[in-house]
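Please open the model in a viewer and keep the sequence panel at hand.

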Amino acid sequence: MRCPFCASMNDKVLESRTMANGESIRRRRECTNCGYRFTSYERVEEKPFRVVKKDGRRELFNRQKIEKGVERALEKRPVSAETIENLINEIESEAVLRSKSAREISTTDLGELVLSKLFVLDKVAYIRFASVYRHFENIDEFIAEVKSAGGGKRKRSK
C-alpha cells in the first residue's frame, strides 16, 4: 500500500478489524519509511449497493455523501474523529444489512438511519442534520423537533 504522506510502498499492518458484517476489512497501517499512520479498507467487489431516490432514480451508494453530512452536523461538537469514523461505518454496515439481497436502500430509510445514530451520539448534531434532512417549513416544526430530542425538557442554569 502506498503511503499517502511520502509515497513509499513499504508499510506494516498495526491492526485489522472486520467491518460491515464481514464484508470489509479495515486496516491501520504505519509507513516504515516515515512513520505516518493511515487506514485502508478492503472490500469484496460485487453487485453495487444503490440508493433509491424519492423520484425512483437509483444511484450508487456514495459513502462520502454520508461522511459530509455527518461531519457537518458534528462540526465543532466534542466528538473525536475516530468516533465519527466508527459512526459512519455503523451507518454503512446497517444500510447494507437492511437492504438484504436487493442491495438497495431508499434515501428515506438511509436518512432515518443517520438520524437515529446521531440522536444517540449527539442531540445538537441530530437537530442540525434533521433541520436539513426534514426541510422544516417553519419555526414550529423546528421547535417540535428540538422538544422531541429532549431539548425542551431541561431548563438552562446560569
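Buried here means under 20% relative accessible area, exposed means over 50%, and partly exposed lies in between, with a 1.4 Å probe and protein chains only. Helices (H or I, at least four residues) and strands (E, at least two) are DSSP runs, numbered from the N terminus. The model is predicted: local features need pLDDT of at least 70, side-chain atom pairs count only at pLDDT 80 or more, and totals for chains, interfaces and linings use all residues. Residues are numbered from 1 along each chain as its sequence is written, and side-chain values use heavy atoms, with hydrogens and water left out.

**Helix α4**

Select α4 (123–133). Its buried residues include Ala125, Tyr126, Ile127, Phe129, Ala130 and Tyr133. Next, display α1, α3 and α5 (139–148), which are among the elements covering them. At the start of the helix, a side-chain oxygen of aspartate 122 comes to within 3.1 Å of the backbone nitrogen of valine 124, a polar contact (a pair of N or O atoms within 3.5 Å; within protein, one must be able to donate a hydrogen and the other to accept it, and residues adjacent in sequence count only if both atoms are side-chain atoms). Just after α4, histidine 135 has a positive phi of about 50 degrees.

**The nonpolar core**

A nonpolar core is a set of buried Ala, Val, Leu, Ile, Met, Phe, Trp, Tyr and Cys residues joined through side-chain atoms within 4.5 Å. Select Ile66, Val70, Leu74, Ile91, Leu110 and Leu118, which touch the most other members among the 28 residues of the largest core. At least two residues of this core come from each of α1, α2 (81–99), α3 (107–121) and α4. Which residues does valine 70 contact, leaving aside neighbours within four places in sequence? They are Ile84, Leu87, Ile88, Ile91, Val114 and Leu118, where contact means heavy atoms within 4.5 Å.

**Aromatic pairs**

Rings of Phe, Tyr and Trp (its six-membered ring) pair if their centres lie within 6.5 Å; planes under 30 degrees apart count as stacked, over 60 as edge-to-face and the rest as tilted. The whole structure holds four such pairs. Select tyrosine 36 and phenylalanine 38, a stacked pair with 6.4 Å centre to centre and 15 degrees between the planes. Tyrosine 36 is partly exposed, at 36%, whereas phenylalanine 38 is buried, at 6%. Then select phenylalanine 49 and phenylalanine 61: with centres 5.2 Å apart and planes at 50 degrees, the pair is tilted. Phenylalanine 49 lies in the loop between β3 (37–43) and β4 (50–52) and phenylalanine 61 in the loop between β5 (58–60) and α1 (63–73), so the pair ties together parts twelve residues apart in sequence.
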